[in-house]
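Here are some notes to go with the model, written as numbered points. I hope they are handy while you look through it.

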Amino acid sequence: MRDRITAFLVLLPSLLAIGIFVYGFIGQNLWVSLTDWGKDPAQALALRPELRFVGLENYRELFTGFVDVRFRQSVVNLIFFTLFFMAGSLGLGLLLALAVDRAPKGEGFFRTVFLFPMALSFVVTGTIWRWMLQPQGGVNVLPTLFGLPPLSFPWLATREQVLVFDWNHLPFYTALAVALVLLYVAHAAYREGERRRFLWALFSAGVLLLWAFTLGRGLKLLPYPETHGFSLALVGVILAAIWQMAGYTMALYLAGLRGIPVEVLEAARVDGASEWQLFRRVIFPMLAPITLSAMIVLGHIALKIFDLIFAMAGLDYAPTDVPAIYMYLLAFRGNQFAKGAAIGILLLLLVAVVVIPYLASQLRKEVRR
Amino acid sequence: MRKWLLAIGVVLGLSALAQGGKLEIFSWWAGDEGPALEALIRLYKQKYPGVEVINGTVTGGAGVNARAVLKTRMLGGDPPDTFQVHAGMELIGTWVVANRMEDLTPLFRQEGWLQVFPKGLIDLISYKGGIWSVPVNIHRSNVMWYIPARLRAWGVTPPRTWAEFLATCEALKRKGVQAPLALGENWTQQHLWESVALATLGPDGWNNLWRGKLKFTDPKAVAVWDTFGKVLSCANPDASGLSWQQAVDRVVQGQAAFNIMGDWAAGYMATTLKLKPGTDFAWAPSPGTQGVFMMLSDSFGLPKGAKNRQNALNWLRLVGSKEGQDTFNPLKGSIAARLDSDPSKYNAYGQSAMKDWRSNRIVGSLVHGAVAPESFMSQFGTVMEIFLQTKNPQAAANAAQAIADQVGLGR
């Protein structure tokens, strides 16, 4: 009993601090996002601003309002950035880890070399890469060293978009993507022999698909078509981000590779497994938990990205816009505090979608132990 | 324990003593502009030796960072004694409407400033019967820069209208100048836009736009985007990667013929690049804006609840005085807002700008905070991005009008 009281007393200060400074402020931010703070300039920066409750109006404007087209492009940018950045970092990190792992000599040296970019701040990385990606210098003149013609891709300066789609089709595509995930869950449940979960997942996927192909296609968010896509200016940013973080995933994978018992590998070899089968059936499955942790870390870095883009392209350049930057612009330049708060909440939800399932599964594992 | 008490006592005592003698000046003048502010502070210290001046500078071009810091401080109820702000709607639309500033009309009367500042300027800093800040300097936005020797070599003259500009541009392209107009990142593109808009709408149309009397969707206003699009086709495609200095460099190095930029470009070319104003480089009003001076101005205001109000008032007195302005402006590369300043203290460009300041019609700049509130200004970048992405004048005009309605422009 005494121990419990002491434990409680010791924990109390940090509980209070976190309660106020984290959850309290999240709550306040949520409240602000439901008000009209900033709509009326006379109230925006008054000493005691009077706020009126407007419900989800700010959110509605962000997703379907005429002026907030830039927010929608920034969301699309963020999703593509996150996907490519995670795929690139994981892929390159794994390749580097395998290479360093097999290197007969100089492992320590190469490990340091590849890990080093992680020690830099994103602002430094961004500034360096901004110079290197100047259309008339840096990376583009690299081929001339080997007597080849220089590249002509304008990197950050391009306004081109690929994978263009109409924002009005967003509900349809979202339903499709979620249904695919559910189908995958169903597939996994079937293989594990969990009948109930299998049926549920299959059923939900079916309902979603049905909705998508009947009502979902007719749903219009906007009265006019509005195209968004993957802006190619992001390629340079993704490159810089991968350059910075690939070393980190390499370090994680290297630890994972070292953690695989030699006996297992030997046993597989004795059983006549080819090198590819060894990777496919033994090494990759054993690296899966590492991949998951790395994805969580990279995912939340990607979703919160601000400083790298700030340093590389500035705040005012829409082709490389992400919600965090638009939030800063709206709140601290345009005095639209409520709308800024709404973007903040949306970002929090996005990160929560990535982190909470992970935390939950970790927690469950610990309880089981 | 006793030591601690003693230390706390000493600190409290010291801060009490110094209370009467402090002045915090909040600005974004650092780097090249720092010496001008320091000269002004030195002058203040000579006049009021007992006052401890705190130079609260937050760096970042055109005050983008400083303004964010200022907002947090003001919202937290900790205003600096006086702060730098672009004269006009940037101050009025954010701070005056929120009832956070003191009316400076009595100060203007007392110092006789209503006579020494031009009326067009007083109009821009007035709102609801009050005058809200003291302008310290004047910059001009609608200036076109070029290198006379190069224009002679190409056989062209500085164009006087945008139609002439487009013809000159074609001629230059035929002579192998791929991008006759040098352009930089987003805000410099907006800067170009305001010159095009002023020329297309004329000074009255320009003012009506900001008073809400002329809609952005009016065919006349849509035509601005039309011309702007044509002008952009003369500019370099890699604009978004260049700072304004790099854009000026392109003109100096002969990769481009013209650049539309505020007259801080004169300071850059004269001081940093060591070119001689009037001979090595030259200027003209941007096409179609002869006789109009599109101004922007840095000014200082007095927030309500300033801790050292009297010291701040003395600072404002100095900032608005002839001595103060003629100390500050030659170093800053701007001209004095007063009409009675001493031309001999300024370089060739400054003297020419002064002449125009005294004779031209005065209108305010959009990009530099004179005519539109921040809520509009900050989203105008989005309008520009919509236009650059779609190249559709109507779409940009619709977006601009939607934002104007949303923020209640002109109300």
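1. How many of the 11 residues of helix H13 (residues 323-333) of chain A are buried? The count is 10, so the word for this helix is "mostly covered" by the cut-off used here, 20 or more other C-beta atoms within 10 Å. The buried residues of H13(A) start with Pro323(A), Ala324(A), Ile325(A), Tyr326(A) and Met327(A), and go on with Leu329(A), Leu330(A), Ala331(A), Phe332(A) and Arg333(A). After H13(A) comes Asn335(A), with a positive phi near 60 degrees. Please keep in mind throughout that this is a predicted model.

2. Staying with chain A, the UniProt record, an unreviewed entry, places "domain: ABC transmembrane type-1" on residues 75-358. In the model, that stretch of chain A is 70% helix and 4% strand.

3. Chain B comes in two domains, each made of two segments: domain 1 has 22-139 + 296-364, and domain 2 has 141-294 + 367-407. Their C-alpha centres are 27 Å apart. Where they meet, domain 1 of chain B contributes 22 residues and domain 2 of chain B contributes 26. On the domain 1 side, H4, helix H16 (348-359) and strand S13 (361-364) of chain B each give two or more residues, and H16(B) gives the most, with 5. That side is made up of 10 nonpolar, 9 polar and 3 charged residues.

4. Next, a sheet in chain B. The sheet is open and has 5 strands, in the order S2-S1-S3-S12-S6, with mixed pairing. Strand S2 (52-57) and strand S6 (134-135) of chain B are at the edges, each pairing on one side only. Within the sheet, strand S1 (residues 22-27) and strand S3 (residues 82-86) of chain B run parallel and are joined by 2 bridges. Phe26(B) has Phe83(B) in S3(B) as its bridge partner.

5. Which residues of strand S8 (residues 143-146) of chain B point one way, and which the other? Val143(B) and Trp145(B) share one direction, while Met144(B) and Tyr146(B) take the other, and all of them are buried.

6. In S9(B), Asn259(B) is the bridge partner of Trp145(B).

7. Leaving aside residues up to four places away in sequence, Leu181(B) touches Cys169(B), Val231(B), Cys234(B), Ala235(B), Ala256(B) and Phe258(B).

8. What does the contact between the chains take from each of them? Chain B gives 34 residues and chain A gives 26. On the chain B side, at least two residues come from each of helix H3 (64-75), helix H4 (89-96), helix H10 (186-211), helix H17 (374-390) and helix H18 (393-407). The largest share, 10 residues, is that of H17(B). The chain B side divides into 14 nonpolar, 14 polar and 6 charged residues.

9. Ala163(B) counts as partly exposed because 13 other C-beta atoms lie within 10 Å. Ala163(B) and Thr227(B) are 64 residues apart in sequence, and their C-alpha atoms are 8.9 Å apart in space.

Methods. Residues are numbered from 1 along each chain as its sequence is written. Chains are lettered from A and ligands numbered from 1 in the order in which they are written. This is a predicted model: local features need pLDDT of at least 70, side-chain atom pairs count only at pLDDT 80 or more; totals for chains, interfaces and linings use all residues. Two strands pair if DSSP finds at least two bridges between them. A residue is buried if 20 or more other C-beta atoms lie within 10 Å of its own, exposed if 12 or fewer, and partly exposed in between; C-beta atoms are placed from the backbone. UniProt positions are given in the numbering used here, feature names are shortened, and annotations may be inferred rather than shown by experiment. Two residues are in contact if their C-beta atoms, placed from the backbone, lie within 7 Å. Ala, Val, Leu, Ile, Met, Phe, Trp, Tyr, Cys and Pro count as nonpolar, Asp, Glu, Lys and Arg as charged, and the others, Gly among them, as polar. Domain bounds come from an automatic or database domain assignment.
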